[in-house]
Amino acid sequence: KIDKRLIDAMYDKFGADVKMRSVSDTEAEFTAEVQISSAFIGWCISFGDKLKIISPTPVVEDIKKAIKNLSEMYN
């Protein structure tokens, strides 16, 4: 799920064939095949609250773990 202001960034990353679906005035959802890596997780986190991975569950858990590790590093 993304803030609609990120639509161009998603097309830049995943290509023009990505199918977007509007879910509200400010948010859209899309599906893309990606190579899961620490670089991808970091890329997702870099968008802060403007991008939310909602599936698959293992990737959501990877992102939660990365955020937790970063948070603990700054305690």
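Which exposed residues does the face of H2 turned away from its buried side carry? That face carries Ser38 and Ala39, where exposed means over 50% relative accessible area, buried under 20% and partly exposed in between, with a 1.4 Å probe and protein chains only. The model is predicted, so local features need pLDDT of at least 70 and side-chain atom pairs count only at pLDDT 80 or more, while totals for chains, interfaces and linings use all residues. Residues are numbered from 1 along each chain as its sequence is written, and side-chain values use heavy atoms, with hydrogens and water left out.

Helix H2 spans residues 38–45 and holds the buried residues Phe40, Ile41 and Cys44; helices are DSSP runs of H or I with at least four residues, numbered from the N terminus. Seen down the axis of H2, these buried residues fall within an arc of 100 degrees, and therefore line one face of the helix, the arc being that of the directions from the helix axis to the C-beta atoms. The buried residues of H2 pack against helix H1 (7–14) and H3. Leaving aside neighbours within four places in sequence, Cys44 is in contact (heavy atoms within 4.5 Å) with Leu51, Ile53 and Ile63.

Conventions: Helix = DSSP H or I, 4+ residues; strand = E, 2+ residues; numbered from the N terminus.
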